[in-house]
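This report covers helix packing, sheets, backbone exceptions and the chain interface of one model. Please read it alongside the structure shown here.

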Amino acid sequence: MEQWMHQIEQWVRQQPVEQLYAAFAVLVVTIAFFAILRLLKPAKSNTIVLAGLSGSGKTVLFYQLRDGSPHQGTVTSMEPNEGTFMLHSEMEKKGKLKPIHLVDVPGHSRLRPKLDEFLPHAAGLIFVVDALDFLPNCRAAAEYLYDILTKASIVKRKVAILILCNKTDKVTAHSKEFIRKQLEKEIDKLRTSRNALSTADIANEYTLGVPGEAFSFSQCRNKVTIADASGLTGEVSQVEQFIREHVKP
Amino acid sequence: MLEQLLIFTRGGLILWTYRELGNALKGSPVDALIRSCLLEERSAETSFSYDAPAGGATYTLKWAFHNDLGLVFVAVYQRILHLLYVDELLAAVRREFSHIYDPKRTAYDEFDEIFRQLQKEAEARAEEMRKSKQSNRAPPVAGKKQGPGQRAGSQGNGKKKGVKVGSGKDDGDGESGKGRGLSNGSSNGQENGIEESSRVPSVVVKGNENGTPEVGAFDVNKLQKLRPKGGKKSDAGGGGGKASKAEPKKILKKNRVWDDSPSKSRLDFTDPGDEKGDNIVDVVAADQGESMMDKEEIVSSESESEEDEEVESAKPGTKKKGWFSSMFRSIAGNAVLLRSDLTPALKALKDRLMTKNVAEEIAEKLCESVAASLEGKKLGSFTRVSSTVQTAMEEALLRILTPKRSIDILRDVHAAKEQGKPYVIVFVGVNGVGKSTNLAKVAYWLLQHNVSVMMAACDTFRSGAVEQLRTHARRLQIPIFEKGYEKDPAIVAREAIQEACRNSSDVVLVDTAGRMQDNEPLMRALSKLINLNNPDLVLFVGEALVGNDAVDQLSKFNQKLADLSTVPNARLIDGILLTKFDTIDDKVGAALSMVYISGAPVMFVGCGQSYTDLKKLNVKSIVKTLLK
């Protein structure tokens, strides 16, 4: 062992100085590079995605969170709305809060593929449901929610999901408990029809729930919560709470 | 008068509305416009008409894009008014607004003043035009294109007439007001002759949903109908003749092998002593494994960067100069896309689509729509025009082929089961596309998902149709409802559904006779079948080999079903079943043509002649193949 060390020392002494310096510099740079990478990687993403059927109020919610008012109204979105900003209600607060990157993905069925672009970076997903006009759209909403809950990018990264019942300022809006039960029932039915025989589930990469039991959101691998809000009047406190929970400052 | 003028971003936020007219619009015309026109890649059309659902007013909508800033300008007005200055006004508004637009601002109150001024100017100009024409007393009815993509020229008289006319006013239209560069002098001479014969020409604008104009002394639609229907078939006699599903008559005939796959052992499924079909031989149920509907499709991802180069090299001559200048501009990154830049790239794309068997009309409309969405956009740095166009086209194709309603049939079947009624699917189509074959495949797939199926043989015309279905039913061991030949298919279908209720089958698959879309009595019979039985799903079966005829087939089918329907909400084609997909290698354009023209999603794809050859449409792979 000592002989070996001695031999190495001699060999090192014999190299020209510049080469030694160069080798050392390269080594330092590489180590620094890896150190920086490691520092940067666990930076948690700050993206929150707003998804839901067309007409459920996502764009209104987006502008409410950003500016505090939905301005002059909205029409069906043809493109996603993206923005990185501080929540409007937190503008006045002191202290360093991380700006959130909010994405509002159009709900029209023809634009569904756009959702897949944003999901891999999402820290949380808000699924907006129209509490006013819920029953006619229950099936479509459940199908969309089912598709989202079974996507690999959501399940593997355990993205948290908030089911938001929007338009609760109106008198005839349904309660969140009712909506939750209806969605669970519909998703249960979807489970049976989609998982019927094929072991290779075509579109959905994961299966939901426990076979044999009725589906409930608590069986999902990622956290699913449900809340109320009203985009038009500005009652978005529960939404902001959810956002702050998942975008850590 | 204008009801409303809206400016909104493509993301959906309304930036400015014309606020003086306080009356709210009935219904939601702008949403309807976005959903049924702009998102369907029909943005090259000139106008859109909307009927408020609760029997309110009917509106016409016109729009303009500012692609660079991502803004949309929409003008709404009552349909009975034929305002002539709207296009001009939209263009002027777009110009002015782009000066004051700022992505951070959301309120533009000062635009009210500017708008009022622009409106006054536009109205004044229209008035002037009208007065000058009145004094001329020979209104130039121009025969020129109203806008990109209008195909009015295909009407019976080969002249293109300009768009709508002032209702009740006796002068002609105000096309000149639109500033589209028409030549008044030259057309004047010709028009005088026409003017005598047709007092107030009014034309069906291609974009109009219900095409009959109220004030129309000259209805071009009627002219089309009067045209002799000699076309393809004269009467029902055209129905037969296509070979029935082959059971080779002599055993000496060798089975034809299409590709290198090992031939199936026997194709003759007839049971001995089966002429009258009375002996119910106990045949083992056909079990050929899992239907391909349930198998995951493995899509190979290939890089397509080489294809771009081919397109470039295909153009001779002036291409080099164009390439250099476009390269410089793309590096500089400030080029604004003009029509002239887009035209060559779009032409190349259109040709490519047409070589993939997309109908010519559809390819044209698509290219126009993509052009409308790209014009005025700034090129990003280091991007070529062709790649921008390619990306835009890819997005557009993806959007069209993505279904806008759920295609989960099993879910619908379960829903119907809960309500205690059978789920009825009717297969319609022209002769020889594969309705009976694919009906059997769908039955096989449903059986694999534990759904009880019943067939109804409503093809009472073609010899062997009932036997064919009977054979399939026997192999699949499912009940079949048949009444033989020469019976009224609508009645047979009704009785079949009643029988299904009685023996609680979940699904009824109704086979109909093939018919050409021009055959009036047969289309009427089909319409009667659908009206009488109100099926849950009307599936149009189309073969992937069809070319430009796909457009004609689907539009005529839809039109006849709409016209001859007895209820206000006519049942139209709900879905498409694409057959013979294995016979086309990569010429998959028929799928695009059919989906574009009808708006219905492709629910199944038939890709072979055995029971398992039924797949779902893989949108991404089709788009990739189309643009390769």
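In H8(B) the residues B:Asp341, B:Leu342, B:Ala345, B:Leu346, B:Leu349, B:Arg352 and B:Leu353 meet B:Val385, B:Ser386, B:Val389, B:Gln390 and B:Met393 of H10(B). Contact here means heavy atoms within 4.5 Å. By class, the residues of this contact comprise 8 nonpolar, 2 polar and 2 charged. Ala, Val, Leu, Ile, Met, Phe, Trp, Tyr, Cys and Pro count as nonpolar, Asp, Glu, Lys and Arg as charged, and the others, Gly among them, as polar.

The model is predicted: local features need pLDDT of at least 70, side-chain atom pairs count only at pLDDT 80 or more, and totals for chains, interfaces and linings use all residues. Residues are numbered from 1 along each chain as its sequence is written, chains are lettered from A and ligands numbered from 1 in the order in which they are written, and side-chain values use heavy atoms, with hydrogens and water left out. Helices (H or I, at least four residues) and strands (E, at least two) are DSSP runs, numbered from the N terminus.

**Helix pairs in chain B**

Axes are lines fitted to C-alpha atoms, for helices over the stretch in contact, and angles run from 0 to 180 degrees between N-to-C directions.

| Pair | Angle | Axes |
|---|---|---|
| H8(B) (residues 339–355) and H10(B) (residues 385–401) | about 50° | 9 Å apart |
| H10(B) and H18(B) (residues 619–626) | about 140° | 10 Å apart |
| H12(B) (residues 435–448) and H13(B) | roughly 20° | within 10 Å |

Angles under 35 degrees count as roughly parallel, over 145 as roughly antiparallel, 65 to 115 as roughly perpendicular and the rest as oblique. With an angle of about 50°, H8(B) is therefore oblique to H10(B). The angle of about 140° makes H10(B) oblique to H18(B). At roughly 20°, H12(B) is roughly parallel to H13(B).

A crossing is left-handed if the near helix is turned anticlockwise from the far one by less than a right angle, and right-handed if clockwise. The crossing is right-handed for H8(B) and H10(B), for H10(B) and H18(B), and for H12(B) and H13(B).

H10(B) contributes B:Glu394, B:Leu397, B:Leu398 and B:Leu401 to its contact with H18(B), where the partners are B:Val619, B:Lys620, B:Ile622, B:Val623 and B:Leu626. That contact has 7 nonpolar, no polar and 2 charged residues. Between H12(B) and H13(B), B:Ser436, B:Thr437, B:Leu439, B:Ala440, B:Ala443, B:Tyr444 and B:Leu447 meet B:Gln468, B:Leu469, B:His472 and B:Leu476. Here the division is 7 nonpolar, 4 polar and no charged.

**Sheet of chain B**

Two strands pair if DSSP finds at least two bridges between them. Chain B has an open sheet of 8 strands with mixed pairing, in the order E8-E7-E9-E6-E10-E11-E12-E13. E8 (480–481) and E13 (614–615) of chain B each have a single partner strand, so one side of each is left without a neighbour in the sheet. Helix H13 (residues 465–476) of chain B packs on the sheet and touches E7 (453–458), E8 and E9 (507–512), with a direction at about 170° to that of E7(B).

E11 (residues 575–579) and E12 (residues 602–606) of chain B pair in the parallel sense over 3 bridges, and B:Leu577 stands opposite B:Phe604 in E12(B). H17 (residues 589–598) of chain B lies across E10 (537–543), E11 and E12, running at about 165° to E11(B).

**Positive phi**

Most residues other than glycine have a negative phi. B:Asn534 has a positive phi of about 45° and is found in the loop between H15 (520–533) and E10 of chain B. B:Lys580 has a positive phi of about 60°, in the loop between E11 and H17 of chain B.

**Sheet of chain A**

In chain A, 6 strands form an open sheet of mixed pairing in the order E2-E3-E1-E4-E5-E6. Its edge strands, E2 (81–85) and E6 (224–228), each pair on one side only. The twist averages 20° from one strand to the next. E1 (residues 47–52) and E4 (residues 122–130) of chain A pair in the parallel sense over 6 bridges, with A:Leu125 in E4(A) as the bridge partner of A:Val49.

**Interface**

45 residues of chain B are in contact with 35 residues of chain A. Buried area is the accessible area (1.4 Å probe) that two parts lose on being put together, summed over both. Between chain B and chain A it is about 3,500 Å², of which carbon and sulfur atoms give 52%. B:Arg10, B:Leu13 and B:Arg411 supply 18% of the area that chain B buries against chain A, more than any other three residues.
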